[in-house]
Amino acid sequence: MPGTDTPLEAITLGTSMLGRDPGGEELARALVSGRFRQLDTSNEYAGGRSETLIGQVLGTAGGVTVFSKADRDPETGVFDGDRVKRSFEETLTRLGVATLPIYHLHDPFTITVAEATAPGGAVPALVALREQGLVGAIGIAAAGGTLVEDYIRTDAFDAVLTHNRYTLVDRGAEDILRLATERGMTVFNAAPFGGGILSGSPRHSSRYGYRPISPEFGRHVERVRELCDRHGVALPAAALHFSLREPRVHSTVVGITSVERLEGLNALVDAVIPDGFWAELESLGAPPPSPVD
């Protein structure tokens, strides 16, 4: 059953940093009370505190949709079917809900695809949750292109979440988007700012996807930045709209680290990017390989 019946908004708020720093309660309240009504979390984010904080405020907000993910055992690395069931139960308890609209297999790096899909493995457990009506759809969410592609090719999943691989300066997820679209899957594109390099922050100017960039990649980023300047477009606004305008992407996941960043998202979403910008971006040619390729 490809795709999902859950109505999706164009923006999903990422909560991987929620609970890692002081002030988590204030940020959690802001996340469920603003303009954007979809949250993405995971069993392992901040050791479970991300889900806990969301659960504490979720009942005070109407119309908020939460997606989460199954994670391997944090101590042993085990990621079999039993672990998926425990991860799911932990998530439901923290969030205070009975079902989830979309539930992803998250970063299955400690197992092979063959192990994940074997009887008793993580994937059959996810399929069982879907068949029981406990989750509306199941997805694969992981770093690494070929690993995600292999999971897509199992045809077991309804959705895929890729991050730091399809941005204003990177087309590494092209095959992921192609395979998912061929199967009618729902696509979440996360980290449209490439881990910060496209957010305009000088602190992240030398890294993409949390990895050091090559001189060639850096020159391409600079050309894109100059293009933004010529058109009077803020770099992060262009980066966000690159994902928002892609028809194969159903929702763009933007990581939120503070109330201030959440408030600033409004202006980025509402920014108007002139058509000429996209034509000139295309004329720059294909981006060079990124550090995450």
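1. The largest pocket holds about 770 Å³ of space. The model is predicted: local features need pLDDT of at least 70, side-chain atom pairs count only at pLDDT 80 or more, and totals for chains, interfaces and linings use all residues. Residues are numbered from 1 along each chain as its sequence is written, and side-chain values use heavy atoms, with hydrogens and water left out. A pocket here is an open set of points on a 1 Å grid over the protein atoms alone where a 1.4 Å probe fits, with protein on both sides within 12 Å along at least five of seven lines. Grid points are joined across faces, edges and corners, and the volume is the space filled by probe spheres set on the points.

2. The lining of the largest pocket has 33 residues, and Ser16, Met17, Ala191, Tyr210 and Gly255 are the closest to its centre; a lining residue has an atom within 4 Å of a point. Strands β6 (159-163) and β10 (251-255) are the elements that give two or more residues to this lining. Elements are DSSP runs numbered from the N terminus: helices are H or I with at least four residues, strands are E with at least two. By class, the lining has 12 nonpolar, 14 polar and seven charged residues. In this scheme Ala, Val, Leu, Ile, Met, Phe, Trp, Tyr, Cys and Pro are nonpolar, Asp, Glu, Lys and Arg are charged, and the others, Gly among them, are polar.

3. The second largest pocket holds about 150 Å³. Its lining has 14 residues, with Pro22, Gly23, Leu27, Thr257 and Ser258 nearest the centre. The most comes from α1, with three residues. The lining divides into five nonpolar, five polar and four charged residues.

4. Helix α10 also packs against helix α9 (residues 235-244): their axes come within 8 Å and cross at roughly 70°. The two helices are therefore roughly perpendicular. Axes are lines fitted to C-alpha atoms, for helices over the stretch in contact, and angles run from 0 to 180 degrees between N-to-C directions. Angles under 35 degrees count as roughly parallel, over 145 as roughly antiparallel, 65 to 115 as roughly perpendicular and the rest as oblique. The crossing of α9 and α10 is right-handed, meaning that the near helix is turned clockwise from the far one by less than a right angle. Pro236, Ala237, Leu240 and His241 of α9 make the contact with Leu265, Leu268 and Val269 of α10, where contact means heavy atoms within 4.5 Å. This contact has six nonpolar residues, one polar and no charged.

5. For helix α8 (residues 215-230) and helix α11 (residues 275-283), the axes come within 10 Å and cross at roughly 155°. The pair is therefore roughly antiparallel, and the crossing is right-handed. On the α8 side the contact involves Val224, Leu227, Cys228 and Arg230, and on the α11 side Phe277, Glu280 and Leu281. Five of the contact residues are nonpolar, none polar and two charged.

6. Helix α6 (residues 145-152) and α7 (174-182) have axes that come within 9 Å and cross at roughly 10°. These helices are therefore roughly parallel to each other. Gly145, Val148, Glu149 and Ile152 of α6 meet Asp175, Ile176, Leu179 and Ala180 of α7. The classes in this contact are five nonpolar, one polar and two charged.

7. Two backbone angles deserve a line. Ala46 has phi near 55°, a positive value in a residue other than glycine, and is placed in the loop between β2 (38-40) and α2 (49-58). Asn164 has phi near 60°, again positive in a residue other than glycine. Asn164 belongs to the loop between β6 and α7.
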